[in-house]
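Subject: Structure handover and notes

Hello,

Here is the structure I said I would pass on. My notes on what was found in it follow below.

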Amino acid sequence: MHLKKVAIITTNSYIKLSLAAYRKLNGPEYFRVGIDIDNKSICVAPALSTEAYIFKPTAIQIKKNTIYISKSRSVIRKLQEIGIPKIVEGKLVDDELLFKF
């Protein structure tokens with residue numbers, strides 16, 4: 001797998017953010033994820049610690065390049081039903097990463 005890509009990687013048990021994608025956001029301490037089923041897109045953006053439903057990657061996750069954005073089987077199954085590929089490349093739009101598939 002080519003890890004220099006700004007991408008999210010999907011398996012049957014998790015969805016993770018590539019280290020390049022995390023760095024593209026300037027490695028925020030917290031981030032949030034938005035999934036738009038109708039438009040087949042996922043948005044990852046920096047967040048504040050006070051916001052609800054945020055992610056805080058650990059130092060070990062960053063070191064191992066395993067920054068999870070979902071481990072929910074129902075979320076993963078729904079995304080697979082609408083055709084998410086194994087790797088979705090993204091781009092930075094207004095300080096948020098946008099992944100369209």
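A residue is called buried when its relative accessible area is under 20%, exposed when over 50%, and partly exposed in between, using a 1.4 Å probe and protein chains only. By that rule R32 is partly exposed, with a relative accessible area of 32%.

Some background before the rest. This is a predicted model, in which local features need pLDDT of at least 70 and side-chain atom pairs count only at pLDDT 80 or more, while totals for chains, interfaces and linings use all residues. Residues are numbered from 1 along each chain as its sequence is written, and side-chain values use heavy atoms, with hydrogens and water left out.

Sheet

Helices (H or I, at least four residues) and strands (E, at least two) are DSSP runs, numbered from the N terminus. Two strands count as paired if DSSP finds at least two bridges between them. Seven strands make an open sheet in the order β3-β4-β7-β6-β1-β2-β5, and the pairing is antiparallel. Its edge strands are β3 and β5 (67-70), each of which pairs on one side only. On average, neighbouring strands are turned by 25 degrees against each other, direction ignored; the axes behind that angle are lines fitted to C-alpha atoms, for helices over the stretch in contact, and angles run from 0 to 180 degrees between N-to-C directions.

Two of the pairings can be followed residue by residue. Three bridges pair β1 with strand β2 (residues 15-17) in the antiparallel sense, and I8 has L17 in β2 as its bridge partner. Between β3 and β4, which run antiparallel, there are six bridges, and R32 stands opposite A45 in β4. β3 and β4 form a hairpin with four residues between them, and K40 in the turn has a positive phi of about 50 degrees.

Core

A nonpolar core here is a set of buried Ala, Val, Leu, Ile, Met, Phe, Trp, Tyr and Cys residues joined through side-chain atoms within 4.5 Å. The largest one has 21 residues, and those with the most contacts inside it are I8, L17, I42, V44 and F99. At least two residues of this core come from each of β2, α1, β4, β5, α3 (73-81) and β7. The most come from α1, which gives four residues.

Contact means heavy atoms within 4.5 Å. Leaving aside its neighbours within four places in sequence, V44 is in contact with L17, L25, F31, R32, V33, E96, L97 and F99.

Salt bridges

A salt bridge is a side-chain nitrogen of Lys or Arg within 4 Å of a carboxyl oxygen of Asp or Glu. The count comes to four by this rule.

K5 forms one with E89, where the closest N and O atoms are 3.5 Å apart. K5 lies in the segment before β1 (7-10) and E89 in strand β6 (residues 87-93), so this pair ties together parts that are 84 residues apart in sequence. K5 is partly exposed at 32% relative accessible area, and E89 is partly exposed at 48%.

E29 forms another with K56, the closest N and O atoms being 3.2 Å apart. E29 sits in the loop between α1 (19-24) and β3 (31-36), and K56 in the loop between β4 (41-46) and α2 (59-63), 27 residues apart. E29 is partly exposed at 48%, and K56 is partly exposed with a relative accessible area of 48%.

R32 forms a salt bridge with E51, with the closest N and O atoms 3.2 Å apart. Here strand β3 holds R32 and the loop between β4 and α2 holds E51, 19 residues apart. E51 is partly exposed, with a relative accessible area of 29%. Salt bridges that share partners join R32, E51 and E96 into one network.

Backbone

Most residues other than glycine have a negative phi, and most peptide bonds are trans. N65 is in the loop between α2 and β5 and is buried, with a relative accessible area of 9%. D95 has a positive phi as well, near 65 degrees. D95 lies in the loop between β6 and β7 (96-100) and is exposed, at 60% relative accessibility.

Regards
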